[in-house]
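Q: I would like to learn how to read the main features of a protein fold from its coordinates. Could we work through one chain together?

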Amino acid sequence: MRHILSLLLENEAGALSRVAGLFSARAFNIESLTVAPTEDPTVSRMTLVTSGSDEIMEQITKHLNKLIDVIKVIDLNDSRHIERELLLIKLVAKNNNREEIKRLVDIFRGRIIDVTENTYTIEMTGNGEKVDAFIETLDKKIILEVVRSGISGISRGDKGI
């Protein structure tokens with residue numbers, strides 16, 4: 001089962017590598033990883049997507065909590081949460097397909113952020129399923145480049161991590 005872990009950790013050199021090393025040493029796969037400073041510049045928030053049974057997730061959480069840089073770990077799957085991913089995609093947009101691409105972008109609520117004579121670059125946010133669905137609707141021959149941010153997530157409601 002897919003799990004989204006949200007971690008607060010000290011914003012110090014080596015913190016990311018220690019978390020990644022923990023996963024590597026135990027042969028756990030990281031499917032997606034995003035890290036950025038929070039409102040407190042001494043603290044970073046890491047959102048990590050991995051898969052495993054409840055027992056494996058409990059083991060991962062215990063190991064993460066033992067790391068000196070880790071302040072707090074929560075599994076967003078344990079409560080209601082919001083998740084988003086950013087997609088940047090560059091497409092061949094020539095005369096015959098420019099309008100069709102615009103229609104698709106509108107349907108998926110994306111934005112064309114760069115236009116050249118031969119290409120469109122599109123920005124889109126949403127859950128992973130929406131991003132996947134958009135990519136699947138496109139003719140593979142027109143895709144020049146795809147960049148995905150990985151998932152960022154936050155729990156719903158009044159409480160923060």
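The dialogue below goes from the overall chain to a sheet, its helices and a single residue.

Q: What does the secondary structure of the chain come to, and in what pattern does it run along the sequence?
A: This is a predicted model. Its chain has 4 helices and 8 strands. Along the sequence they follow the pattern β-α-β-β-α-β-β-α-β-β-α-β. The C-alpha trace spans about 55 × 35 × 35 Å along its principal axes.

Q: What share of the residues counts as buried, and what share of the contacts joins residues at least 24 apart?
A: Buried means under 20% relative accessible area. By that cut-off, 38% of the 161 residues are buried. For contacts, take those between residues at least 6 apart in sequence; 73% of them join residues at least 24 apart.

Q: In what order do the 4 strands of the open sheet lie?
A: Order in a sheet is read from which strand pairs with which. Here the order is β2-β3-β1-β4, and the pairing is antiparallel. The edges are β2 (32-37) and β4 (70-75); each has a single partner strand, so one side of each is left without a neighbour in the sheet. On average, neighbouring strands of this sheet are turned by 15 degrees against each other, direction ignored.

Q: How many bridges join β1 to β3, and how many join β2 to β3?
A: Strand β1 (residues 2-10) and strand β3 (residues 43-51) run antiparallel and are joined by 9 bridges. Within this pair, glutamate 10 has valine 43 of β3 as its bridge partner, and serine 6 stands opposite threonine 47 in β3. Between β2 and β3, also antiparallel, there are 6 bridges. There, alanine 36 is partnered by arginine 45 of β3.

Q: Why is β3 described as largely enclosed?
A: Count the buried residues of the strand. In β3 they number 7 of the 9, so the rest of the structure largely encloses this strand.

Q: Which residues of α2 are buried, and which exposed residues lie on the face turned away from them?
A: An α-helix has 3.6 residues a turn, so residues three or four places apart point the same way. The buried residues of α2 are Met57, Ile60, His63 and Leu64. They cover an arc of only 125 degrees around the axis, which puts them on the same side of α2. On the face turned away from that side are the exposed residues Asp54, Glu55 and Lys66. The cover over the buried residues includes β1, α1, β3 and β4. As for length, α2 has 13 residues and reaches 19 Å from its first C-alpha to its last, close to the 18 Å expected at 1.5 Å a residue.

Q: Which residues of helix α4 are buried, and what do they pack against?
A: In helix α4 (residues 128-137), Gly128, Val131, Phe134 and Ile135 are buried. Their arc of only 130 degrees around the axis puts them on the same side of α4. Exposed Glu129 and Glu136 are carried on the face turned away from the buried side. The buried residues of α4 pack against β5, α3 (98-107), β7 (119-126) and β8 (143-155).

Q: Is glutamate 85 buried or exposed, and which residues are in contact with it?
A: For a single residue, take its location, then its accessible area, then its contacts. Glutamate 85 is found in strand β5 (residues 81-92). Its relative accessible area is 8%, so it is buried. Leaving aside neighbours within four places in sequence, glutamate 85 is in contact with Met124, Thr125, Gly126, Gly128, Val131, Arg148, Ser149, Gly150 and Ile151. The side chains of glutamate 85 and arginine 148 are joined by a polar contact of 2.7 Å. Valine 131 lies 46 residues from glutamate 85 in sequence, with 7.7 Å between their C-alpha atoms.

Key. Residues are numbered from 1 along each chain as its sequence is written. This is a predicted model: local features need pLDDT of at least 70, side-chain atom pairs count only at pLDDT 80 or more; totals for chains, interfaces and linings use all residues. Side-chain values use heavy atoms; hydrogens and water are left out. Two strands pair if DSSP finds at least two bridges between them. Helices (H or I, at least four residues) and strands (E, at least two) are DSSP runs, numbered from the N terminus. Axes are lines fitted to C-alpha atoms, for helices over the stretch in contact, and angles run from 0 to 180 degrees between N-to-C directions. Buried means under 20% relative accessible area, exposed over 50%, partly exposed in between (1.4 Å probe, protein chains only). Contact means heavy atoms within 4.5 Å. A polar contact is a pair of N or O atoms within 3.5 Å; within protein, one must be able to donate a hydrogen and the other to accept it, and residues adjacent in sequence count only if both atoms are side-chain atoms. The expected span of a helix is 1.5 Å times one less than its number of residues. The arc is that of the directions from the helix axis to the C-beta atoms.
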